[in-house]
Amino acid sequence: MISLTDKVALVTGSTRGIGRTIAETLAQAGAEVVISSRSADDCKRVADEFTAKGYEVLGIAADVSDPDAAQNLIKEIIAQRGELHIVVNNAGITRDNLIMRMKPADWDAVMAVNLKSVFNVSQAVIRPMLKARSGRIINITSVVGQMGNPGQTNYAASKAGIIGFTKSLAREIASRNITVNAVAPGYIATEMTKNLSDDARQRLMDQIPLGRIGEPMDVANLVAFLASDLAGYITGQVYNVDGGLVMQG
Ligand SMILES: NC(=O)c1ccc[n+]([C@@H]2O[C@H](COP(=O)([O-])OP(=O)(O)OC[C@H]3O[C@@H](n4cnc5c(N)ncnc54)[C@H](O)[C@@H]3O)[C@@H](O)[C@H]2O)c1
């Protein structure tokens, strides 16, 4: 049984989609969760909804692509709760286009929100985790970072970058009992993916051995396990939650 009682957990990008479901799953396992995204209104709304369900929750807005905002977010959590045990780097965006048409600004935005944010938040949380001599960092990457996808050179590069980052940081801080892992979702039903044409959706489904699109809960269950004491001997790994789309040797 997964128990996160007495743990404080930050999930970035948790006002909707996969992040919100991860936050709720961690809360159900007993963690006090920090809901965060750029919009203060969204953070408050979701935090109020969680409070109404009886969960321990804080809502703190931050644009995690900004290093100062990430530092302030962690400072605020430590100031209010004294510690932070679990960080799930989930915030992400897409700005898809074929390379011929991709604007440099779309490259930069995706790298900043998807990859630099992981550096920003991880760097900010390392000091308190080193002091505590324990911690869990879980980074949400994507099958696209492993397989590639036409029209997503920026997104794929950012997600592949997360994998290299995860392995390096895992090696850097393993001796301090802090684990760092990545979860690679396949095609999950959220706002991010709802605009696919029926044709594109069918082509995708045809490639998924389990024959269905994933739900945010499929990802959240694995994150909750990796965040728990049960996963104490696991670090530097990438786990796919993709219905068998990518099978690695
Ligand atoms: N949906 C999928 O099929 C899928 C597949 C693989 C990986 N992923 C990854 O999972 C994560 C969540 O995806 P989703 O489908 O739930 O997306 P979503 O668009 O529904 O939610 C993204 C969340 O990130 C927040 N966010 C965006 N920019 C931010 C910023 N600068 N600072 C703070 N928060 C910010 C948004 O407010 C939102 O809460 C992303 O990293 C995404 O790349 C999704």
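How far is an oxygen atom of the ligand from an N or O atom in the side chain of Thr15? The distance is 3.0 Å. This is a predicted model, where local features need pLDDT of at least 70, side-chain atom pairs count only at pLDDT 80 or more, and totals for chains, interfaces and linings use all residues. Residues are numbered from 1 along each chain as its sequence is written, and side-chain values use heavy atoms, with hydrogens and water left out.

**View 1. Polar side chains at the ligand.** Thr15 places a side-chain N or O atom 3.0 Å from a ligand oxygen. For Thr190, a polar side-chain atom lies 2.5 Å from a ligand oxygen. The protein covers 95% of the 830 Å² of accessible area that the ligand has on its own (Shrake-Rupley method, 1.4 Å probe).

**View 2. The shell around the ligand.** The ligand is surrounded by 28 residues (a heavy atom within 4 Å). Arg16, Ile18, Asn90, Tyr155 and Thr190 are the closest. By type, the shell holds 12 nonpolar, 11 polar and 5 charged residues; Gly counts as polar, and Asp, Glu, Lys and Arg as charged.

**View 3. The second largest pocket.** Its volume is about 330 Å³. A pocket is an open set of points on a 1 Å grid over the protein atoms alone, where a 1.4 Å probe fits, with protein on both sides within 12 Å along at least five of seven lines; lining residues have an atom within 4 Å of a point. There are 16 lining residues, and Ile78, Ala124, Arg127, Pro128 and Met129 are the closest to the pocket centre. Helix 4 has the largest share, 9 residues.

**View 4. A salt bridge between Lys7 and Asp229.** Their side chains meet at 3.9 Å, N to O (cut-off: a Lys or Arg side-chain nitrogen within 4 Å of an Asp or Glu carboxyl oxygen). Lys7 lies in the segment before strand 1 (8–12) and Asp229 in the loop between helix 8 (216–227) and strand 7 (238–241), so the pair ties together parts 222 residues apart in sequence.

Key: Polar contact = N/O pair within 3.5 Å; in protein donor to acceptor, adjacent residues only side chain to side chain. Points joined across faces, edges and corners; volume = space filled by probe spheres on them. Helix = DSSP H or I, 4+ residues; strand = E, 2+ residues; numbered from the N terminus.
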